[in-house]
Amino acid sequence: MKPLLLLVKTCLSKLYLRFKNPRVNRCGECQIQSNLHGAEIAGNAVIHQLISFLQMVKDTDLTGEVWLVPVCNPMGTNERSHVFSSGRYCVYEAKDWNRIFWYYEKEADDLIAFAKSQLHFDIEVVRQNYLSKIKDKFGELLDKINSPSSVPYTELFRYQLQSLSLDADYLIDLHSASNQGINYLYYFRNREESAKYFLLEHGFLLDKYDGDAFDEAFIKPWLALEDSFQQLGRKIKFDVEAWTLELGTGMQMIPDSVAKGVRGVKNYLIDIDVKIKYALSKPLIRRKLATSLHSF
Ligand SMILES: [Zn+2]
């Protein structure tokens with residue numbers, strides 16, 4: 001039996017696909033998106049191959065959900081200056097498409113007080129309670145969007161894209177350089193162990209950078225709450241991870257970059273505990289990991 005493939009809704013790219021084991025209710029959810037910077041098309045090829053891969057997976061081997069958003073920024077993708085794609089910036093607002101996202105932690109009232117109130121709760125209960133707070137605050141953005149004055153397009157866009165990912169546990173944002181670039185990833189503190197599963201030679205730790213990027217907006221509220229618990233003497237680590245993969249050169253699908261992106265994402269999905277596991281998990285790939293992380 002094949003995993004359930006749903007065209008969930010027509011939004012953004014009209015290709016928002018969800019793979020889910022129909023026999024499983026709540027489980028890990030991973031959102032994989034590409035084209036946030038419209039000129040960076042390597043991720044489209046990666047997701048195209050992932051669709052074929054996921055269609056081959058037996059439903060019994062898929063215990064999580066994988067959400068694919070192949071063209072997450074159609075406006076950016078369609079921008080052109082002569083024959084060139086200028087899709088890194090929203091030309092009407094002079095804003096980088098990946099520096100516009102909304103952070104819960106910047107608007108949170110008192111994280112320490114919240115952590116105190118949750119100090120003795122099970123981690124999954126804390127997660128759900130915190131997610132509810134994030135969703136409530138995020139929902140307030142809609143008031144402004146629906147007001148007579150409304151909001152600039154980038155704010156409308158960010159609302160739509162972030163609303164897709166609020167429930168996700170894992171985020172993989174596929175990019176490339178705007179010009180020429182190598183293959184690498186960005187990762188966050190306390191998530192180094194998982195970074196190695198992408199099998200890339202190079203990675204950059206985003207420990208201080210605060211650029212309103214999508215991956216930061218996704219994971220930083222959780223890192224901030226982990227810090228608050230730490231201050232109160234409880235070590236806690238949520239099963240929430242965010243990654244930005246940079247796969248070669250802009251406006252190109254370099255076969256080597258695409259192949260490394262597909263290989264890394266597959267391997268990562270296999271590794272996310274048992275929540276998302278695939279029949280194609282090969283011990284050979286997993287054993288290679290230990291030697292592939294020397295640059296982290
Ligand atoms: Zn980019």
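This is a predicted model: local features need pLDDT of at least 70, side-chain atom pairs count only at pLDDT 80 or more; totals for chains, interfaces and linings use all residues.

Colleague: How should I read burial, and what share of the residues is buried?

Modeller: A residue is buried if 20 or more other C-beta atoms lie within 10 Å of its own, exposed if 12 or fewer, and partly exposed in between, with C-beta atoms placed from the backbone. Here, buried residues make up 39% of the 296 residues in the protein chain.

Colleague: Which way do the side chains of strand β10 point?

Modeller: In a regular strand the side chains alternate between the two faces of the sheet. In β10, E241, W243, L245 and L247 point one way, and A242, T244 and E246 the other way. Strand β10 (residues 241-247) is largely enclosed by the rest of the structure, because seven of its seven residues are buried.

Colleague: In which sense do β7 and β8 pair with β10?

Modeller: Two strands pair if DSSP finds at least two bridges between them. Strand β7 (residues 170-175) pairs with β10 in the parallel sense over six bridges, and L174 stands opposite L245. Strand β8 (residues 183-187) pairs with β10 in the antiparallel sense over four bridges; there, Y186 has T244 as its bridge partner.

Colleague: Which residues touch the most other members of the largest nonpolar core?

Modeller: A nonpolar core is a set of buried Ala, Val, Leu, Ile, Met, Phe, Trp, Tyr and Cys residues joined through C-beta atoms within 7 Å. In the largest one, with 62 residues, they are C30, I32, V46, I172, L185, F198 and W243. Helix α8 (residues 214-231) supplies the largest share of this core, eight residues.

Colleague: Where do S150 and D212 lie?

Modeller: S150 is in the loop between α5 (141-145) and α6 (153-165), and D212 in the loop between β9 (203-205) and α8. Although S150 is not a glycine, its phi is positive, about 55°; D212, also not a glycine, has a positive phi of about 60°. S150 counts as exposed because it has 11 C-beta neighbours inside 10 Å, whereas D212, with 16 other C-beta atoms within 10 Å, is partly exposed.

Conventions:
Residues are numbered from 1 along each chain as its sequence is written. Helices (H or I, at least four residues) and strands (E, at least two) are DSSP runs, numbered from the N terminus.
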